[in-house]
Amino acid sequence: MIFSELYSAYYNAVARILREACAHPLSKAELRKIAAREAFGESLLNIEPAILDGRWQLLNADGTTPLRHAPTMPMTLLQKRWLKAVSLDPRIRLFADTDFGDPDVEPLFRPEDIDVFDRYSDGDPYGDENYIRNFRLILEAIRERAPLEIESVSPKRGTNRYILTPEYLEYSEKDDKFRLAGYGFRQQFVNLARITRCERYKGKIRYPDGVPGIPEKKTVELELTDERNALERALMHFAHFEKEAERLDGRRYRISVTYNPEDETEMLIRILAFGPLVRVTAPADFTELVRERLARQKKLESIENGKSAD
Amino acid sequence: MAYYELIKNFDRVRDYMREFYLYGFKSRSEYTQRSARSYDDERRRVESWLGDYMRFRQTREGKNVFLSIDSRVSRHNPLYAAWKTKSFTDGDITLHFILFDILHDPDTAMTAGEISGETDAYLAGFPEPKMFDESTIRKKLKEYADEGIILRERRGKSIYYRRAADCPNAGSEILDFFSETAPCGVIGSFLLDKTEPHDDPFAFKHHYITDAMYSEAVCALFGAMEEKRTVTMRVIQRRKERMTEREAVPLRIRISVQSGRQYLLAYVPRLGRISAFRTDNILSVKPGEVCGQFEEHRRTLERMLPHLWGISMPESADQPPEHIEFTVAYGEKERHIHSRLEREKRCGTVERTGAGSSRFSADVYDTAEMLPWIRTFICRITRFECSNAETEARFRDDLRAMYRAYGLEGGEDE
């Protein structure tokens, strides 16, 4: 069962508290600090009195504990089965060569139990030895904040050379691709599948003064008419963005979605996918982008109609 | 009942979280299904768990509460927090830590009676020590045996208990990644809670997080598939605000990474065919009998898949699919459009019809499901044909409506 107190934030917080108390008598301040860090906003109001009033009889008045060992709990069957399922995912090779997980348990799910049906088909080559090597080197460099020297080939810009300190790897489930985000003279993204050479950089990076600029996010405002279940479809579709929805009247809603400027074209075609049920109302330059595409389509239609008439 | 941060039942708070996260435009007075008190309590809980993401807006109708989460920025799914809020009794938590301390060594095996005696010794130092009788301890040990963390072994007439052997945890980077990308990722989040604090090296783009709230049902469906069982599901029909019970044989979880929805594809004996259920409408799953035709149903599904664009299932595997095709034109510097068709198509074929044009064609059970994708090529579509006249009319009518909406007037030439 997933919804179990065994996995609860309170059990985890108390385990951390008791681990400290096994090492040395715990002060109230330490208890509060751990509870605040490990649990939720209001949890301290429950955890502290429950322990100090002796309702949870785990900590003595002097901050010691009757426990003899720092608390541990074995992995549950559910956790073992999930890990086993993960070990069957082809992407696991990016992280480990050897099998892991309990050999005696059945996986929670098998590859044939799931079907991601709208993922793009040109995902990264997770079985490619060079790709795996680069992935691991980058991961190590992120951990150590160590600069990298990278060469990559792009169809548009040819060969590029980057020297950057890697920050994180960004994975898109839709594209099934990883990108490296890092800082050199500015924030840069490099598609992992396009990297032809990746090594630790031995020299020193000279960063520009100040924080490298990150482009400001943009917001598009939409007016939605709730027909054909459009409201739910749109709110689900744009759910991964920072967004806000407001009802205008019975069936009309205003939705604002905040996105990264580099994704403007993608945002544009995603809005077009909703057809006449979603209309861009602001900003004007975004509205113009939609209008321009529609005008081009209308022109193509007249050509098509003209051909049919011939 | 006085407010308490933890909860016994997940269903109610899940409904509120869904409303706050997906919709977020309702005021307090519009939450009419339950009392105002219930709304206040659930809102306060969600605020305590997810305060960083909670936003408020004042409208004429009142204050609207909503959750605004940019999942590209938050490295871990914040909604997992809700799964870590199960309530428990004072006795539960006290006994939990003492039990695992007594059974710290995996070689230590004790009877419930012996454990009960030891427990008393742990509690003797407290002014009003709790008492745990043998049956309470036995019940808790059985619970833990079901979870796989305690082993039971019979020696003569007695049952001995000892801690289950642990299994090495996966590395934190594996957990960071798969807790966000694998089904039932919340379990990975539970495993992450066992690791030391660390910087997470991953961010996620196009990352839908709502399915996390339905993990329990999906987990039970996987269990049924593993054992090839029929299940009885409690399914909500949201538009009609009605609850129904459905018997089905779960065959596959079909996941969309473009719409944020997950579906169960299952054989429904009452209908005699395979149907799709949205997993966020499945409120509970009860396993039933083993289904002797499980493999046969799966083979039927396999035969259907090449003609499925989304989740609209045919009446039978023999239903003839509809035909659809469209041609797009692109310029010299827009050759990527052909690649787009290749990479984004889920079935069908793409062929070049000229230096700057490509045609997509497919035979699918429901051509209407393809329209949103086809619209993403607006400004390039030179030809569109569909064997389903309704789909074709909708495509053309929608285009005209869009022209009107953006001041390009009707479909006629100006």
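The model is predicted: local features need pLDDT of at least 70, side-chain atom pairs count only at pLDDT 80 or more, and totals for chains, interfaces and linings use all residues. Residues are numbered from 1 along each chain as its sequence is written, and chains are lettered from A and ligands numbered from 1 in the order in which they are written.

**Chain B as a whole**

Select chain B. Its secondary structure comprises 12 helices and 14 strands; helices (H or I, at least four residues) and strands (E, at least two) are DSSP runs, numbered from the N terminus. The radius of gyration, taken over C-alpha atoms, is 27 Å for chain B, well over the 22 Å that the globule rule gives for 414 residues, so chain B is more spread out than a compact globule. That rule is 2.2 Å times the number of residues to the power 0.38. Along the principal axes, the C-alpha atoms of chain B fill a box of roughly 90 × 60 × 45 Å. Of the 414 residues in chain B, 39% are buried (20 or more other C-beta atoms within 10 Å of the residue's own, with C-beta atoms placed from the backbone).

Next, colour chain B by domain: domain 1 (10-84), domain 2 (102-163), domain 3 (168-207), domain 4 (211-307) and domain 5 (322-405). Domain bounds come from an automatic or database domain assignment. The centres of domain 1 and domain 4 of chain B, taken over C-alpha atoms, are separated by 28 Å.

**The sheet and hairpin of chain B**

B:Glu322 is found opposite B:Val364 in β13(B).

B:Arg154 has B:Ile159 in β4(B) as its bridge partner. The hairpin of β3(B) and β4(B) has two residues between the strands, and B:Gly156 takes a positive phi near 65° there.

**Where the chains meet**

Display both chains. In contact with 102 residues of chain A are 108 residues of chain B (C-beta atoms, placed from the backbone, within 7 Å). Helix α3 (residues 90-102) of chain B gives the most to the side of chain B that touches chain A, with eight residues. Then select β3 (residues 158-172) of chain A and β5 (residues 202-205) of chain B, which run parallel and are joined by four bridges. A:Glu170 lies opposite B:Ala203 in β5(B).

**Chain A**

Finally, select strands β7 to β10 of chain A. They form an open sheet in the order β8-β9-β7-β10, with antiparallel pairing. At its edges are β8 (242-247) and β10 (278-282) of chain A, each pairing on one side only. Eight bridges join β7 (residues 218-225) to β9 (residues 252-259) of chain A, and A:Glu221 stands opposite A:Ser256 in β9(A).

Terms used. Pairing = 2+ DSSP bridges. Buried ≥ 20, exposed ≤ 12 C-beta atoms within 10 Å, placed from the backbone. Contact = placed C-beta atoms within 7 Å.
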